[in-house]
Number of protein chains: 2
Amino acid sequence: MVLDEFDRGILAILQRDNLTSQRTIGEAVNLSAPAVQRRIKKMTEAGIIQANVAIVDPTALGHAITIFVEVEIISETSGQIEAAKREFETMPEVQQCYYVTGEADFVLVILVPSMPAYEALTKKLFFGNNNVKKFRTFVAMDRIKVGLQVPTA
Amino acid sequence: MVLDEFDRGILAILQRDNLTSQRTIGEAVNLSAPAVQRRIKKMTEAGIIQANVAIVDPTALGHAITIFVEVEIISETSGQIEAAKREFETMPEVQQCYYVTGEADFVLVILVPSMPAYEALTKKLFFGNNNVKKFRTFVAMDRIKVGLQVPTA
DNA sequence: CGTGAAAAAGCGGCGTC
DNA sequence: GACGCCGCTTTTTCACG
């Protein structure tokens, strides 16, 4: 699916605030509200808009600690990779998971309420998984920027 | 502000899909729609709900490449740290930026349309900054999970 | 907090270009 | 095929009990 300038304008707004009314969006991009709606529907069906979510402050829910983990696995067969993906994916503490090239195989962004909780998670995810060769932990001290907006330009 | 089980239930749903109607949410948590609405408003004003956004597939916008970078800086004086924070923060390609402990000082999540674009960015951000000791790049091959859901349990 | 009414937004059909 | 216009339906929103 190919996106024109209208679609890009709509996405730019939706990435900032997806509760903006279709009429307001229409005024911003010079389109009628139904036209905006049709484009949003199309982009959603095409998978371009993947989800609509509320961003919640982790500290309010007691999950104050953000941790980055680089995971190196032993056997890089596609079956093992898929198994690892699925395991990371199902853990609620694992916020983001990427399969990467470089000195590691996976990069995880994890959110936990405390360091003991993280230790418990490492026991389950890494020490309890004999396909994990090693992992490196980075504890976030400051969240400088949490961007989700893909540049539309 | 203290959250009860109703609030947690509402947040759990909103983090998955913030377009869910208040009536549906109310049925799920055993509350009337206006009660749900009041709680959402309160949590938004309290900053617990920080934003409502559409998650967009970066590839659809031509920013197909996600890159993780660990940055190690030379001088860890607070002035240098702050300067680095500000520089990373202002770049639109830098989606996420955390100041971390461990073998690196910063972890960045970067989104670029191509590898040449990333090379150009490294020249500006890292090679052009004589306070950067070294950096390690991880190119994402697969986006397994882009979680934003803080566990509510 | 829940009920119920008013306002607004979402949604679909139809004619037009 | 996509647009805008016009109703209908759903949702949001705010009074009041």
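View 1. Of the DNA strand C atoms within 4 Å of the protein, 61% are sugar or phosphate atoms, and bases make up the rest. This is a predicted model, in which local features need pLDDT of at least 70 and side-chain atom pairs count only at pLDDT 80 or more, while totals for chains, interfaces and linings use all residues. Residues are numbered from 1 along each chain as its sequence is written, chains are lettered from A and ligands numbered from 1 in the order in which they are written, and side-chain values use heavy atoms, with hydrogens and water left out. Around DNA strand C sit residues of both chains, including Ser21(A), Arg23(A), Pro34(A), Leu31(B), Ser32(B) and Arg38(B) (near means a heavy atom within 4 Å). By class, the surface near DNA strand C splits into 4 nonpolar, 4 polar and 3 charged residues (Ala, Val, Leu, Ile, Met, Phe, Trp, Tyr, Cys and Pro are nonpolar; Asp, Glu, Lys and Arg are charged; the others, Gly among them, are polar).

**View 2. Polar atoms facing the DNA.** Arg39(B) puts a polar side-chain atom 2.6 Å from a phosphate oxygen of DNA strand C. For Gln37(A), a polar side-chain atom is 3.3 Å from a sugar or linking oxygen. Two or more residues of this surface come from each of α2 (22-29) and α3 (33-45) of chain A, and α3 (33-45) of chain B (helices are DSSP runs of H or I, at least four residues; strands are runs of E, at least two; both are numbered from the N terminus). The top contributor is α3(B), with 4 residues.

**View 3. Chain B against chain A.** Here 63 residues of chain B touch 64 residues of chain A (contact: heavy atoms within 4.5 Å). Together the two chains bury about 6,300 Å², 60% of it on carbon and sulfur atoms (accessible area, 1.4 Å probe, lost on being put together and summed over both parts). There are 6 salt bridges between them (a Lys or Arg side-chain nitrogen within 4 Å of an Asp or Glu carboxyl oxygen). One pairs Lys85(B) with Asp142(A), with 2.7 Å between the closest N and O atoms.

View 4. Strand β1 (residues 49-56) of chain A runs antiparallel to β1(B), joined by 7 bridges (strands pair if DSSP finds at least two bridges between them). Val53(A) has Val53(B) as its bridge partner.

Methods: A polar contact is a pair of N or O atoms within 3.5 Å; within protein, one must be able to donate a hydrogen and the other to accept it, and residues adjacent in sequence count only if both atoms are side-chain atoms.
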